[in-house]
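Take a look at the picture, then read on.

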Amino acid sequence: MAHSDDDHRAAADEGCVLALDGERSDIDALHRFLEGASVRFGWNARTQHHLTLACEELLTNIVSYGYPHGGVPRIRLSAAATARGARLVLEDNAVAFDPLGQPDPDLSLDLDSRPIGGLGVYFVKRVIDDVHYERLPSGNRLTMIKFE
Amino acid sequence: MNLTAKATDGVAILSIEGRLDGQNASEAEAAFAGLAAEGHSRFVLDFSALQYISSAGLRVVLVAAKKTKAIKGSLICAGMNEAVREVFEMSGLLGILETADTADEAAGRLASR
């Protein structure tokens, strides 16, 4: 699907911003934040669910793998409306990590062969229409576009 | 998340309400392990009041299913709502897990095994 400039450009309305610090309560905060954003921007329940799932999976990855040498996570999530849905930007101060570079899991494996992990980033790719990774001097930035 | 465990007719039913995610997955995993340690081998995971599951929650279900298989038991996932079912479907686990529409139906099936 072709994306118009409007899907990628930050909306004139700067949107909502959530600051997270890698604590377990981040997931509560994430649910509340995206509930509020969905009401504000009129996103439907399915979009809200998909955005929440994608953000939890990415947040888990950042906190689990992003700070091998210690340090305090500083994570910022912003949400804004686009002409056709949602635009989320997730930024961190973690080590360089492009989640999109991971291979997809093999979903055809039986119970015995099935590894315990590896689904999170795959879910992000499934529920978000367009995901774009950038490495910045300050950390990682992932931009997610979701159409309704 | 709220956990409730009960056993009837030799079937252990673990009801998981609210969210099963990275915040509370370890608690749910411990609850299942506790039921298995009590000697149960037939399990229903009742998701009828579950609103949300992430990969961290699926991990709990996968660990439970593997453990159940190792002790030659049975496990049925029951009562998934649309959002929860979609996550299971994306994971490919629907094809390798037994499911039922309701916990009662699942317990009935297991009681006769």
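## Ground rules

Helices here are DSSP runs of H or I with at least four residues, strands are E runs with at least two, and both are numbered from the N terminus. This is a predicted model, in which local features need pLDDT of at least 70, side-chain atom pairs count only at pLDDT 80 or more, and totals for chains, interfaces and linings use all residues. Residues are numbered from 1 along each chain as its sequence is written, chains are lettered from A and ligands numbered from 1 in the order in which they are written, and side-chain values use heavy atoms, with hydrogens and water left out.

## The overall build

Chain A has 4 helices and 5 strands.

Of the 148 residues in chain A, 48% are buried, meaning under 20% relative accessible area with a 1.4 Å probe and protein chains only. Take the contacts (heavy atoms within 4.5 Å) between residues at least 6 apart in sequence: 66% of them join residues at least 24 apart.

## Strand S5 and its neighbours

Strand S5 of chain A (residues 139–147) is mostly covered, with 8 of its 9 residues buried. Strands count as paired if DSSP finds at least two bridges between them. S3(A), residues 85–91, pairs with S5(A) in the antiparallel sense over 7 bridges, and A:Gly85 stands opposite A:Phe147.

S4(A), residues 130–136, also runs antiparallel to S5(A), joined by 7 bridges. Here A:Asp130 has A:Ile145 as its bridge partner. S4(A) and S5(A) form a hairpin with 2 residues between them.

## Helix H4, tucked under cover

Helix H4 of chain A (residues 120–127) is mostly covered too: 6 of its 8 residues are buried. Those are A:Gly120, A:Val121, A:Tyr122, A:Phe123, A:Val124 and A:Val127.

What lies over them? The cover includes H3 (45–65), S4 and S5 of chain A, along with H2 (55–70) and H3 (82–91) of chain B.

How values were computed:
Buried means under 20% relative accessible area, exposed over 50%, partly exposed in between (1.4 Å probe, protein chains only).
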